[in-house]
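Please read them with the structure open.

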Amino acid sequence: MEFGLFAANYGTCADPESAVAVARHAEAAGFESVWTGEHVVLPDPVPPRLPFEADLPFLDTTVALTLLASHTTRIKVASGIIVLPLRNPVLLAKELASIDVVSGGRLVVGVGAGYIPEEFAAVGVPLAGRQARVDEYLRALRALWTMEHPRFQGRYVSFEGIDAHPRPVRRPGPPIVVGGEGEAALTRAVTLANGWYGFSLDVDATGQCLDRLRRLRGAHDRPTELGPLEITVTPSGPLDRGVVARYEELGVDRLVLLPRPDAAGADRHRPVPLERILGTIDRAAQELLPR
């Protein structure tokens, strides 16, 4: 079981010095990865359905990952997740390949379909059709990272007669993790990704998602080059060694902890004092990480 830390670019960690301090502390404590979140914009006023405030600060994911990579040496830097339909995949492929180079091959690319209508409207991307965009954009990213002469023809993006260097350090590219619990996301994880990421799930909910993933594995061919499906979860509820063991027994490979693990609802997205985040890292290292 590996351990990561979430919220490395928003709230408290929207402050660059705090973000670097958290990433370095997590690296020194033995954490395997630090994870960013993403919202390009937030609706104002915030509808009751959303668990955060409109003025919650988010550093851009690619900027934050570059910052964290440049101030650490071993810990992986991961997006959890990039709202992929809002991004131009050709530009994003360049940005992510550059982060992988800057980090020495430590990038994990987490993507999702997004869900906030106001965010899509602000960027000028229809909410309808976002699932198809994610599938197509993933294929376009891999074409740019792996093909000797990149070429892709799709409904939303097409290119040929181009090239883009540097390529990612890790071949055939950084691992791609798909977030989400819907049928489209789970199917995408099985057929197009190296891993799946479930956010704020307790042990029972995680087990249900993994059962669905197993059923989908039986219904869809998984390309052999993707390897085993790596399972990442941000746990919900109290966490101790016994609960960690239950996640591990289910087949979870990585737990990505919230900076305030006892928070729920809206509180989990409010800024947390830096000292409390560092304390969370220390307690997790002592009580949860393998020795």
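1. Ser200 sits in strand 9. The model is a predicted one, and in it Ser200 has a positive phi of about 55° although it is not a glycine. Most residues other than glycine have a negative phi, and most peptide bonds are trans. With a relative accessible area of 23%, Ser200 is partly exposed; the cut-off for buried is under 20%.

2. Ala7 is another non-glycine residue with a positive phi, here near 70°. It is placed in the loop between strand 1 (2-5) and helix 1. Ala7 is buried, its relative accessible area being 7%.

3. One joins Gly80 and Ile81, with omega about 15°; Ile81 belongs to the loop between strand 3 (76-79) and strand 4 (82-83). The other runs from His165 to Pro166, with omega near 5°. Pro166 is in the loop between strand 7 (158-159) and strand 8.

4. Is helix 6 mostly buried or exposed? Of its 10 residues, 7 are buried, so helix 6 is largely enclosed by the rest of the structure. The buried residues are Ala185, Leu186, Thr187, Arg188, Ala189, Val190 and Leu192. Note that an arginine, Arg188, is among them. These buried residues pack against helix 5 (130-146), strand 8 (176-179), strand 9 (195-201) and helix 7.

5. Two packed helices are described by the angle between their axes and the distance between the axes. For helix 6 (residues 183-192) and helix 7 (residues 203-219), the angle is about 60° and the axes are 9 Å apart. That angle makes helix 6 oblique to helix 7. The crossing of helix 6 and helix 7 is right-handed. On the helix 6 side, the contact is made by Glu183, Leu186, Thr187, Ala189 and Val190; helix 7 contributes Arg212, Leu213, Leu216 and Arg217. By class, the residues of this contact are 5 nonpolar, 1 polar and 3 charged.

6. Helix 7 also packs against helix 8 (residues 241-250), at an angle of about 5° and with the axes 10 Å apart. Helix 7 and helix 8 are therefore roughly parallel to each other. Val203, Asp204, Thr206, Gly207, Leu210 and Arg214 of helix 7 make this contact with Val243, Arg246, Tyr247 and Leu250 of helix 8. The contact of helix 7 with helix 8 has 5 nonpolar, 2 polar and 3 charged residues.

7. How do helix 1 and helix 9 lie, and which residues meet? The axes of helix 1 (residues 16-29) and helix 9 (residues 274-287) come within 10 Å and cross at roughly 10°. The two helices are therefore roughly parallel to each other. Helix 1 brings Ser18, Ala21, Val22, His25, Ala26 and Ala29 to the contact, and these meet Leu274, Ile277, Leu278, Ile281, Asp282 and Ala285 of helix 9. The residues of the contact of helix 1 with helix 9 divide into 9 nonpolar, 2 polar and 1 charged.

8. Thr61 lies in helix 2 (residues 61-70). Is Thr61 buried or exposed? Its relative accessible area is 1%, so Thr61 is buried. The side chains of Thr61 and Glu38 are joined by a polar contact of 3.0 Å. Leaving aside residues up to four places away in sequence, Thr61 touches Asn9, Thr36, Gly37, Glu38, Ser79, Ile82 and Arg87.

9. Tyr115 is in the loop between strand 5 (107-112) and helix 4 (117-123). Tyr115 is partly exposed, with a relative accessible area of 45%. Which residues does Tyr115 touch, not counting those up to four places away in sequence? They are His39, Leu50, Phe52 and Phe120. Along the chain, Tyr115 and Leu127 are 12 residues apart, and their C-alpha atoms are separated by 7.7 Å.

Conventions
Residues numbered from 1 in each chain as written. Predicted model: local features only at pLDDT ≥ 70, side-chain atom pairs only at ≥ 80, totals over all residues. Heavy atoms only, no water. Axes fitted to C-alpha atoms, helices over the stretch in contact; angles between N-to-C directions. Helix = DSSP H or I, 4+ residues; strand = E, 2+ residues; numbered from the N terminus. Parallel < 35°, antiparallel > 145°, perpendicular 65-115°, else oblique. Contact = heavy atoms within 4.5 Å. Nonpolar A, V, L, I, M, F, W, Y, C, P; charged D, E, K, R; others polar. Left-handed = near helix turned anticlockwise from the far one by under 90°. Buried < 20%, exposed > 50% of the residue type's maximum accessible area, 1.4 Å probe, protein only. Polar contact = N/O pair within 3.5 Å; in protein donor to acceptor, adjacent residues only side chain to side chain.
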